[in-house]
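Q: I am new to this structure. Please take a close look at one strand and tell me what surrounds it.

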Protein chains: 2
Amino acid sequence: MIGIDWGTTRLRAYRLAPDGAVLARRETPRGVLGIEPGGFPDTVRATVGDWIAEGESLVLICGMAGSRLGWVDTPYLPCPASLDGLAAAAVAVPFDGAVVRIVPGLSCRDRHGVPEVMRGEETQMLGAALGEDATTICLPGSHSKWASMAGGEVTGFTTHLTGEAFAALSGHTILGRMMDAAAPHHPGGFARGVARARQGGGLLHHLFGLRATSLFNEIGEAEAASFLSGLLIGHEVAAALEEGVAPPVILIGAEMLTAHYGTALDAFGVPHRSAAPDAAAQGLYRIAQRLA
Amino acid sequence: MIGIDWGTTRLRAYRLAPDGAVLARRETPRGVLGIEPGGFPDTVRATVGDWIAEGESLVLICGMAGSRLGWVDTPYLPCPASLDGLAAAAVAVPFDGAVVRIVPGLSCRDRHGVPEVMRGEETQMLGAALGEDATTICLPGSHSKWASMAGGEVTGFTTHLTGEAFAALSGHTILGRMMDAAAPHHPGGFARGVARARQGGGLLHHLFGLRATSLFNEIGEAEAASFLSGLLIGHEVAAALEEGVAPPVILIGAEMLTAHYGTALDAFGVPHRSAAPDAAAQGLYRIAQRLA
């Protein structure tokens, strides 16, 4: 089978053996935002047409391809949600030469009734953590996700606008003027930011504190961006811990970013581990096994 | 005398009677950021030269004119700071035809040693609240200030990057796409945002919640910007209250913005009142009375 994790800016395709092993992987910048209306089938053919020609008859897709900007707008599946539920709700789309189905995203509401949504992360989570007892999964990113899983189901989740807030605050406020945006990650600055997040006063106050610290020459340009990153990730982790997590927290994502989250979790004394690679591929494989 | 509140983007000049009454006021967009190096004396002449020619011999200036981007970089005066302290630290600058002095800004450190700074707000605060016993003053804005005053001194303060964060988040994240930026203030949306700030989960989570609420058509474009404003101001007020305030909180600033802060304080059940207008003029007058 072929599995595709089709995000906003990237498309990741996997060719999977009958036992779920990844035989080949391809990644392109043909994210959903870059596809013209009606261009989805052709993009699949351009990306994995040779695999289909070689006999693969099932293409299972997760991610933003199922959003209103994507191939077809699949309704969110409410939590708690399992592999069986995702398989049953997968939507078939017209395609010549193979069966193509799109896995829906998930929704839930917090205890105050505010909605939450994800598209694609549910597949990664169920790929990475199936078989776990109660656990917490964190997927860092522009829109970081923290999910609770129990008994093979995603029971609920929260999203934090951390990555986007970092970009907006570092690029479009006075904080950017005191940063060398090209500086490499600064572990000391990151640790200072995380430590600051654990103090009182609130995020908006901590943001100005970075400005004042720079005015007093108590932080350098090479350190400031990592401080801001640690500050925001620290606030995210603190909020997630306040809502409750079941350690070890399983981290899914790019190696460098999950390493930073691991450092922040260490500062809070919370055990964690990284998921095996290709979590999306494993999730798509497991959903495919359950397709009617 | 002449008093000038010289901020980053605006210059406000006051002609004051010997009893402190405001005889005339002028406002121009000649803020410090728009003045060429060496252009400060000429700007004073262009703005209030006629008042000097008519016999005013003292010009007292507060605000960013005393910053490293300004006329002369005056060192911050550490808290606690009084009118006497500000008068003694005012820096004379060369000027033909009048005595011109610049009032320094204030600095302090929070209990974790993180620095804080202000330039200009100290003069407004001491103008608005002298004679008060222990009180808390709030000056909303791009960099909102919350200060404690006691016995005629500013004893300490905190700054929140609220206004700048609003601009960056509404202008440069996905949140902007669900807002009608031109919509008038929406009291219902603002109240929803303040109420959300009082719930758990953290600001970064609340920011994504606005996105998800919009996806579910549970908030309109005309309401979303006011929701974000209420959310950020609510988080600022919550953080300030956690650090401790002495009500009634005295609000200083533009009428509409202080009204929004008043609404947020009402939601938290905290008494407040607005300062009399021309707080900067009153502060400059009182400092002038103490000049050697």
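A: Two strands count as paired if DSSP finds at least two bridges between them. With that in hand, take strand E1 of chain A, residues 2-6, in this predicted model.

Start with the pairing. E1(A) has strand E4 of chain A, residues 58-63, as a parallel partner, and five bridges link them. One of these contacts can be named: A:Asp5 has A:Cys62 in E4(A) as its bridge partner. E1(A) also pairs with strand E2 of chain A, residues 11-16. Here the sense is antiparallel, again over five bridges. A:Ile4 has A:Ala13 in E2(A) as its bridge partner.

Now the surroundings. A residue is buried if 20 or more other C-beta atoms lie within 10 Å of its own. By that cut-off, five of the five residues of E1(A) are buried. In a regular strand the side chains alternate between the two faces of the sheet. In E1(A), A:Ile2, A:Ile4 and A:Trp6 lie on one side. A:Gly3 and A:Asp5 lie on the other. Both faces are covered.

Next, step across to chain B. A rotation of 180 degrees, with 0.0 Å of shift along its axis, superposes chain A on chain B with an RMSD of 0.1 Å. That is the relation of a two-fold axis. In chain A, the C-alpha nearest this axis belongs to A:Ala168, at 2.7 Å. The same surface serves both copies: 100% of the contact residues of chain A recur in chain B.

In chain B, look at B:Tyr14, which lies in strand E2, residues 11-16. B:Tyr14 is buried, because 25 other C-beta atoms lie within 10 Å. Beyond its neighbours within four places in sequence, its contacts include B:Ile2 and B:Gly3. B:Val22, B:Arg25, B:Asp278 and B:Ala281 are also in contact with B:Tyr14. The C-alpha atoms of B:Tyr14 and B:Tyr285 are separated by 9.9 Å, though 271 residues apart along the chain.

Finish with a helix for contrast. Helix H6 of chain B covers residues 203-215 and has 13 residues. From first C-alpha to last it reaches 19 Å, close to the 18 Å expected. Of its 13 residues, 12 are buried, so H6(B) is largely enclosed by the rest of the structure. Among them are B:Leu203, B:Phe208 and B:Arg211. After H6(B) comes B:Asn217, with a positive phi near 55 degrees.

Notes. Residues numbered from 1 in each chain as written. Chains lettered and ligands numbered in written order. Predicted model: local features only at pLDDT ≥ 70, side-chain atom pairs only at ≥ 80, totals over all residues. Least-squares fit on C-alpha atoms with pLDDT ≥ 70 in both. Contact = placed C-beta atoms within 7 Å. Helix = DSSP H or I, 4+ residues; strand = E, 2+ residues; numbered from the N terminus. Expected span 1.5 Å × (residues − 1).
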